[in-house]
Amino acid sequence: MKNKLRQISWDEFSSMDAMTKAPYMTENGRSFHVLTAQQFTRPMLEELCSLATDVRRIAKTREGSAFLQKQLFEKRAMLYFAQPSTRTYLSFYSACQIIGMQTMNVRDSSTSSEMKGESPEDSVRTFSSYADLIIMRHPAGGFAERIAWMLSNISRPVPVVNAGSGKDQHPTQALLDIYTLARSFEHTDGIDGKKIAFVGDLKRGRTVRSLAWLLTQYQGVKAYFVAPRELQIGEDILGQLDAAGMPYEISYDFEKVIPEVDAIYMTRIQDEWDVNNESSRVNTAAYHFTREHLNILGEHAVIMHPLPRRLEIDPAVDSDPRAVYWRQVRNGMWIRAALMLTIFKHDGAIIDYSREHQL
Ligand code: NCD
């Protein structure tokens, strides 16, 4: 049962779709590698959210913090970020600190031996010799999967957590988004049955792609994809939603959608992927959330954003209680701590502590 990625060749694995790949990343229903949103089932999501809440509550006291820091003090994480990142990097770094895990980092491949002609695979294999966990962000879609396959097929397998790969996947951002939605709807029957709008660059936004999939795990959720034609959501994701039976609407009229939904997920234009400066020619002004929009937004609705933001949300919106993007950042730290505790099978200890202390 252990480490299923050892039982399959890279060619065979890489030619599978995300759904077929999913079971290869888990061991007995628990994530070993975290590579895609598709590997998470609803029970896994609920367990992670509940564990994140336990960690958050335990961390409130000095005694609780000390208990958390004892969990993974003998483990070391390598943060390998070959793409710009501050919040995801700091979120993982803080999460490691909360659970006592030591960290090392490589943030710029121009300072590594890749400059001497070493292959990126060899570089990560070298890092893995010092680490018990690789947390990585890379511009090449599928690279984290390639590394996970490679690090499964060595004598001391090392788990890989994908902290953003290409335009395709950002599974841990999607987890923190789910945790934020779950907390926002705690008193209104949870995520089931909610209407959620995605706005902005949906074509190249990996956070949207990962989160849209996770929402298929909930009952009766409806998605609205609101973007200029040039930046609309990909057919591949729509195909996955169709297969999962999740209803959605493609819309070009943001103001019509605002009053209808329970959550609005704003995103920035991902122009780092432009080939020919093409996004500068797209008029996105009609897809910005302004102060006036607060008047038509539902009383219990929330506004989210994976950040960094540019002009898509007026800063005047920040002080409205329905703007939850700053809380979303903090939720990331808790859910990432919970995820790493689960990978190293320390979730039981956390649950026991919570029960004993009636948190
Ligand atoms: C996102 C990313 O890197 O994909 N940021 C993040 O992880 N918080 C979104 C973005 O960069 O727009």
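To start, how many salt bridges does the structure hold?

Analyst: Happy to. This is a predicted model, so local features are reported only at pLDDT of at least 70 and side-chain atom pairs only at pLDDT 80 or more, while totals for chains, interfaces and linings use all residues. Residues are numbered from 1 along each chain as its sequence is written, and side-chain values use heavy atoms, with hydrogens and water left out.

The structure holds 15 salt bridges, each being a side-chain nitrogen of Lys or Arg within 4 Å of a carboxyl oxygen of Asp or Glu. Helices here are DSSP runs (H or I) of at least four residues and strands are runs (E) of at least two, numbered from the N terminus. The Asp-168 and Arg-209 side chains meet at 3.1 Å, N to O.

Now to the domains. An automatic or database assignment gives domain 1 (4–170 + 331–356) and domain 2 (171–329). Their centres, taken over C-alpha atoms, are 25 Å apart. Domain 1 brings 36 residues to the contact and domain 2 brings 30, where contact means heavy atoms within 4.5 Å.

The two domains bury about 2,900 Å² between them, with 57% of that coming from carbon and sulfur atoms; buried area is the accessible area (1.4 Å probe) lost on putting the two parts together, summed over both. On the domain 1 side, Lys-167, His-170 and Asn-331 supply 27% of the area buried against domain 2, more than any other three residues.

Across this interface there are two salt bridges.

His-170 places a polar side-chain atom 2.7 Å from a ligand oxygen. For Arg-268, a side-chain N or O atom is 2.8 Å from an oxygen of the ligand, and for Gln-270 the corresponding distance is 2.9 Å.

The backbone deserves a look here too. Most residues other than glycine have a negative phi, and most peptide bonds are trans. Leu-307, in the loop between S11 and H12, has a positive phi of about 65 degrees. A cis peptide bond joins Leu-307 to Pro-308, with omega about 5 degrees. Elsewhere, Asn-277, in the loop between strand S10 (263–266) and S11, also has a positive phi, near 60 degrees.

Terms used
Polar contact = N/O pair within 3.5 Å; in protein donor to acceptor, adjacent residues only side chain to side chain.
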